[in-house]
Amino acid sequence: MNFDLTWMAWTWPTAAFFGTILLLLCGMAAWEYVSPGGSPRVGVLRFETTRGDRLFLSLLGSAFIHLAWLGLVGPNLWWALALSVVYAVGVFRYV
């Protein structure tokens, strides 16, 4: 079977991006296997969230941070990445 992947610009940053998301999902699945239940808790949003919920909120927020950075600042995304990591740590700690 021959997969035609020419429809997407598979650069190293693109592959690293999708590889990182794949590693995050595999890591969360392994964590859930070892410690089932997702350790639900109520944070600053005042509703119960699990590890998976917090990962989803982190990824969604990071996407919006990067899109806003592209629109307002420009294509240099290293600071947006740093801001996204800080945001994700905050979500996992306080949400």
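What is the volume of the largest pocket? About 860 Å³, as the space filled by probe spheres set on grid points joined across faces, edges and corners. A pocket here is an open set of points on a 1 Å grid over the protein atoms alone, where a 1.4 Å probe fits, with protein on both sides within 12 Å along at least five of seven lines.

Quick housekeeping: this is a predicted model, where local features need pLDDT of at least 70, side-chain atom pairs count only at pLDDT 80 or more, and totals for chains, interfaces and linings use all residues. Residues are numbered from 1 along each chain as its sequence is written, and side-chain values use heavy atoms, leaving out hydrogens and water.

**Stop 1: the pocket.** Select Phe17, Ser62, His66, Leu81 and Ser84, which lie nearest the centre among 21 lining residues (those with an atom within 4 Å of a point). Now colour α1 (12-34), α2 (51-72) and α3 (78-94): each gives two or more residues to the lining. Helices are DSSP runs of H or I, at least four residues, numbered from the N terminus. The largest share, eight residues, comes from α2.

**Stop 2: α3.** Select Ala80, Ser84 and Val91, which are buried (under 20% relative accessible area, 1.4 Å probe, protein chains only).

Note on methods:
Buried means under 20% relative accessible area, exposed over 50%, partly exposed in between (1.4 Å probe, protein chains only).
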